[in-house]
Amino acid sequence: MRIGVMTGGGDCPGLNAVIRGVVRKAERSYGASVVGFLDGWKGLLEDRFMHLDIEACRGLLPRGGTVIGTSRYHPYMYEDGIDRVRKTFAAHELDGLICIGGEGTLSCTHRVGNDGIPVVGVPKTIDNDIGGTERTFGFDTAVHIASEAIDRLHTTAESHDRVMVVEVMGRHVGHIATWSGLAGGATMTLIPEKPFDIAEVCEALERRHARGRYASIVVVAEGAKPAEGTMDLDEHPVDKFGHVRLGGIANQVAAQIEARTDLETRVTILGHVQRGGTPTAFDRVLSTRFGVAAAEAVHDGKFNQMVALESERIVCKPLGECVAELKYVSDELYNTASMFFA
Ligand code: F6P
């Protein structure tokens, strides 16, 4: 048996641990070989690859990033893209292709699967927004990094009696913001699922600071949205792949707080720090389990499926179902977080 593996979209802690899991299971259980395609779909389009065996995976478990590279290129950007992928797949005599990616890569993987190439998806993203799985790997690490940053901001905010606005990633969902806000004791957390009214945010902060010397931490998800007609936001640029580049809302929220209140306010945008470096123990374990299960799925012929975490077990689910809708923050979780606001 021969298995291809690629990583697509933004990188994420745990990618290397998945690759290591795939290779270990493929080699140990099936005597299979693994080919890693370089830079996402680009490697399949251009037939650029490296051989991956147990030896090549030494030291990968704690290593951030992806040793086979990643990109946002995909086959449907080119008229002959899918034929080129098919040609590469055939040239390597592959039995299946494991695609490790987020929403964009997995939607594309589903399409490639429908076009007749045997694929298995692995849900990667710090955003935790993929349907069908209780967790994506990378999320726990991002939450850990953001919570630690919030803890640190608390002490400096207290010293100066300031408001700290902390922006975290997450694209169109507020999982990182809600979890890190809860873990870090945020004064308020603004997420895309719950459009905010900046006037209400400012009033709540003023009431809090009027009670005495208080530090405030406002966690803002990069994709947070003001309620209609309450505040204008700058347009987001779009990159060459049609990917909206979020980031910067914290500056606009902080400017409004300073304009509407007497509260001194500072901004921290955590950015790519959230997805750099070594994965947490939870993400290492989840990534390893996903990798092993993905190799197993190829062996068992479970194609156009995605490995997923469900009630502590790793299962396979139809890719189409998983990419049909983003997974949003539940009301139950957000209501718990909001019990601690202001
Ligand atoms: O999807 C993961 C993610 O880190 C998002 O949270 C963020 O909006 C985006 O990727 C950033 O992408 P890029 O690396 O292209 O700036």
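A polar side-chain atom of R72 lies 2.7 Å from an oxygen atom of the ligand, a polar contact being a pair of N or O atoms within 3.5 Å. Please note that this is a predicted model, in which local features need pLDDT of at least 70, side-chain atom pairs count only at pLDDT 80 or more, and totals for chains, interfaces and linings use all residues. Residues are numbered from 1 along each chain as its sequence is written, and side-chain values use heavy atoms, with hydrogens and water left out.

Which residues are around the ligand? They are R72, T125, I126, D127, M169, G170, R171, E222, H272 and R275, each with a heavy atom within 4 Å of it. This shell divides into two nonpolar, three polar and five charged residues, with Gly counted as polar.

I turn now to the domains, whose bounds come from an automatic or database assignment. Domain 1 (2-138 + 279-322) and domain 2 (141-276) both give residues to the shell, so the ligand lies between them. Their centres, taken over C-alpha atoms, are separated by 33 Å. In contact are 16 residues of domain 1 and 17 residues of domain 2, contact meaning heavy atoms within 4.5 Å.

Technical notes. Polar contact = N/O pair within 3.5 Å; in protein donor to acceptor, adjacent residues only side chain to side chain.
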